[in-house]
Amino acid sequence: MSTMQINSRLRRIHAGWYVGAFVLVLGIVAPVLYSTGAYDSWRNGHSLDQACDGTLAQGGLDAALGSSNLRAGSLDSGGDYLAQCSVKTTESGVRGGTLQIKLRWSSDTPPSDTLARYDSDTDGVEGQAAPLGNGWPGVVIAQGFPQVMVALDCQNQRSKALVAYGDLHASNNGPALTGLGRVITETAQKAAAKYGCRARAGKQLTQVSAPTLGKPLTVKPLAQAQGSCAALREPASTAAESGTPSIMEYPADTQAPQVNCYLVTPAKKPGYGLYAYYGAAAKDFLASEGRNLKEGYGPTHKDNDYSWATAKCPQSTQPAVFVLYRLYDRDTDTYPVRHYSAQFATSAVKAFADHEAKQRGCTDVQMASQP
């Protein structure tokens, strides 16, 4: 047997040894990985890294879901969203929870599930949204489970914004809401960078609170308005004559895509609701309610119990929208303001729109004609 043949045979023997050794090691290591949970931990971490097209921010996930044992999965977007994903706790029982994240461009047709909340604008304070704060153009909505919505206007493409939604199906305590806010704001920031949207971000959120308006302790005299109702402080006597001498308001926030002010009756019932919508929120609001506004449909059928205006704003090509509705109270099945005053509604929404426009550098406030 030649030397070359011997070497070839030895190489085959060594290769067999290597394969055998690898199989043996794998047979030993694999059960260890499974039994110690190392494989599950790697798989779960990998799923989080890949979630939402790799844009999922993980900084607030543990706080949002109350657990560090998390796994991400995909959602069927059906073409409605740029990306979407869900994150679940791996525990069962009371600690279980789910966070759903959805991303889209404001220039695309809004999915119907993002418009449903605007139907509640005439139902007491159900349409309220609390500002996120810290310079973020976002709000917290609490119709059922809490939702955070963030709309980052693209400075290099003024006709569009990167919109992110987060729905938390779990505990909605303070730490969970703050975690939710962090996940959605930071995911929106990552997604904007990934998809070429140059946007201005806020600072890291350290405290996020749920919408609170509607509770008796949130009512105060209109003369004390300093936040979202400040525009109506001067004509306070007119508001009182219209049956709403008090208010419920949020702190002023010139970044929030939605602003709320509620005028309240002596019985502490919200009688009028004032809403301002900007950018992506304005576009979605009009997609949901624009036809009703133009055709004369207010809270109940064709009643015209509303007034609205628009303005041009520098942040977006989408005009801002300002609306006043007479509100309905489902608890009593009545209108807290029994007699609607069109004159008061027009003057109130004009004052509200002028004040908001001044705060944000918007111009050309125009009252919309009523049908």
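## Cysteine pairing

When the bonded cysteines of the chain are numbered in sequence order, they pair as 1-2, 3-4, 5-6 and 7-8. The model is a predicted one, and a search of the whole structure finds four disulfides in it.

## The C154–C197 link

The sulfur atoms of C154 and C197 lie 2.0 Å apart in a disulfide, and this link is left-handed, with -110° about the S-S bond. Because C154 belongs to the loop between strand 6 and strand 7, and C197 to the loop between helix 4 (174-194) and strand 8 (220-221), the pair ties together parts that are 43 residues apart in sequence. C154 is buried, its relative accessible area being 1%, and C197 also counts as buried, at 4% relative accessibility.

C229 and C261 form a disulfide with their sulfur atoms 2.0 Å apart, and with 115° about the S-S bond the link is right-handed.

In the disulfide of C313 and C362 the sulfur atoms are 2.0 Å apart, and the torsion about the S-S bond is about 105°, so the link is right-handed. C313 lies in the loop between strand 12 (306-312) and strand 13 (320-326), whereas C362 lies in the loop between helix 7 (342-360) and strand 14 (363-367), so the pair ties together parts that are 49 residues apart in sequence. C313 is buried, with a relative accessible area of 9%, and C362 is buried with a relative accessible area of 9%.

## The largest pocket

The largest pocket has a volume of about 480 Å³, and among the 23 residues that line this pocket, P137, D153, Q255, Q315 and S316 are the closest to its centre. Strand 6 (145-153) and helix 6 (279-295) are the elements that give two or more residues to the lining, and strand 6 gives the most, with three residues. By residue class, the lining of the largest pocket divides into 12 nonpolar, seven polar and four charged residues.

## The second largest pocket

The second largest pocket holds about 310 Å³ of space. Its lining comprises 17 residues, of which D113, T114, R117, Q147 and D167 lie nearest its centre. At least two lining residues are supplied by each of strand 3 (98-105), strand 5 (136-143), strand 6 and strand 7 (161-169), and the lining of the second largest pocket divides into seven nonpolar, five polar and five charged residues.

Terms used: Residues are numbered from 1 along each chain as its sequence is written. This is a predicted model: local features need pLDDT of at least 70, side-chain atom pairs count only at pLDDT 80 or more; totals for chains, interfaces and linings use all residues. Side-chain values use heavy atoms; hydrogens and water are left out. On a 1 Å grid over the protein atoms alone, a cavity is a set of points where a 1.4 Å probe fits but cannot get out, and a pocket is an open set with protein on both sides within 12 Å along at least five of seven lines; lining residues have an atom within 4 Å of a point. Grid points are joined across faces, edges and corners, and a volume is the space filled by probe spheres set on the points. Helices (H or I, at least four residues) and strands (E, at least two) are DSSP runs, numbered from the N terminus. Ala, Val, Leu, Ile, Met, Phe, Trp, Tyr, Cys and Pro count as nonpolar, Asp, Glu, Lys and Arg as charged, and the others, Gly among them, as polar. A disulfide is a pair of cysteine sulfur atoms within 2.5 Å. Buried means under 20% relative accessible area, exposed over 50%, partly exposed in between (1.4 Å probe, protein chains only).
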